[in-house]
Amino acid sequence: MAISLQFSRISTRTDLSVPESRIFLQRKPFMVRCSAGEAVSSSSATAGSSEFDAKVFRHNLTRSKNYNRKGFGHKEETLEQMSQEYTSDIIKKLKENGYEYTWGNVTVKLAESYGFCWGVERAVQIAYEARKQFPTEKIWITNEIIHNPTVNQRLEEMEVKNIPLDNGKKQFDVVDKGDVVVLPAFGAAVDEMMILSEKKVQIVDTTCPWVSKVWNSVEKHKKGDYTSVIHGTYSHEETVATASFAGKYVIVKTMKEATYVCDYILGGGLDGSSSTKEAFLEKFKFAVSEGFDPDKDLEKVGIANQTTMLKGETEEIGKLLERTMMRKFGVENVDNHFMSFNTICDATQERQDAMYKLVDEKMDLMLVVGGWNSSNTSHLQEIAEERKIPSYWVDSEKRIGPGNKISYKLMHGELVEKENFLPEGPITIGVTSGASTPDKVVEDVLSKIFDLKREEVLQLA
Ligand code: SF4
């Protein structure tokens, strides 16, 4: 299959440290759509105000005539285009042979669940449809559609442009009436949706339904006056969007941070890791809702998650919160103080389960392929590192070489270079890829390995 993908202009996002939900807190009055096609002025409601109901706003937006989340009837042709651009003969061969195949002196074992999840495939496909439907209109996207440089580069080539940033703030001024704006698979913060609604642009919403499910959960927390404890990274686009639909919230990235919160709830009675209110607010300064007061706002909590976190960890954090509330308020009262819905995405779970199975097998090294800002890929790398398997997380074949050298990331994002990463002689490699990684990228990485091993054989001959 002749596939030509250009890597030369690939850019890696580095601006994720800015919590974008904070950017638009002060805004002028906007229009809320009450029903399809009907716009009503709401001078009192803003995303930061107590009267504002994000759920009603979202509900009404999805029914307005400028909004689309189902595509435009070009599904077959866009899927065909994606298949030509992103599929791989090597992956096909592996699947046909029970996820294991040997090329020369390299045996490859592929995880049974890997690569593009349906939510990502759906998002990219709808974005492709938008380009087909609006061939001459300006098309903008509020963030990377998914965390994969190859796919993002492809959309750039199709003139789907990122909304420019100035000092970390998105410049929505560039968007004019008549333009099209794509919301990525992770969704968009409610403030951004409000700006776009006000501008009356065509919105193409590719938000994954699993992400919307989490938004529904935090809206339920809000309705019951529960504080959402969100297991995620506060600067990740998905968590920024989820937080924007929550009422009060605190975002915890790890079990350690969750333990700190629970220890605070129990006045230091869990492990003594927490201290004063000031220390709490300093620790979570980018990760709590405006005006958050840990003394008042942790009486009733609900758990929510960024869909790509490690499933087991989200479950553990939920259980810890539940136990904490039982201890503080009594087992019989726990339902009045703790709320939980299952919002762990199937695709994330399947990829993690397949990875746990794969790392049980004998192998010399693991290759984890996926964008370096991809959360779900980092967790696949984490599983391999925990098993002490030499594991290399790369986002493209360009990270390999010259010669037997690799630049890769570790689970926490440290960039590492290693010489002679491929052992001599016959080797077995485990391979998986993140939910936003096209098979073609995995093929390119494996092809580079095959070339290196072929050179080794020739040199020894
Ligand atoms: S990983 Fe899950 S939540 Fe994320 S896009 Fe894929 S299906 Fe949706």
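A residue counts as near a molecule or strand if its C-beta atom, placed from the backbone, lies within 6 Å of it. Keep that in mind while we look around this predicted model, where local features need pLDDT of at least 70, side-chain atom pairs count only at pLDDT 80 or more, and totals for chains, interfaces and linings use all residues. Residues are numbered from 1 along each chain as its sequence is written.

Let's begin at the ligand. It has 15 residues around it, and the closest are Cys117, Gly119, Cys208, Trp210 and Cys345. Ten residues of this shell are nonpolar, five are polar and none is charged. (Nonpolar means Ala, Val, Leu, Ile, Met, Phe, Trp, Tyr, Cys and Pro; charged means Asp, Glu, Lys and Arg; the others, Gly among them, are polar.) At least two shell residues come from each of α4 (118-133), α7 (209-223) and α12 (346-358), and α4 gives the most, with three. These names come from DSSP runs numbered from the N terminus: helices are H or I with at least four residues, strands are E with at least two.

α4 lies across β6 (139-141), β7, β10 (180-183) and β11, at about 175° to β10. Here, contact means C-beta atoms, placed from the backbone, within 7 Å; axes are lines fitted to C-alpha atoms, for helices over the stretch in contact, and angles run from 0 to 180 degrees between N-to-C directions. The sheet itself is open, with five strands in the order β3-β11-β10-β6-β7 and parallel pairing. Two strands pair if DSSP finds at least two bridges between them. At the edges, β3 (67-68) and β7 (160-162) each pair on one side only.

α4 also meets another helix, α2 (residues 75-86): their axes come within 9 Å and cross at roughly 115°. Among the residues making the contact are Leu79 and Met82 of α2 and Val124 and Tyr128 of α4.

What about α7? α7 lies across β12 (227-231), β14 and β15, running at about 170° to β14. The open sheet here has four strands, in the order β13-β12-β14-β15, and the pairing is parallel. Because β13 (249-252) and β15 (338-340) are at the edges with a single partner strand each, one side of each has no neighbour in the sheet. Strand β14 (residues 301-305) pairs with β15 over three bridges, and Gly302 has Met339 of β15 as its bridge partner.

Conventions: Contact = placed C-beta atoms within 7 Å.
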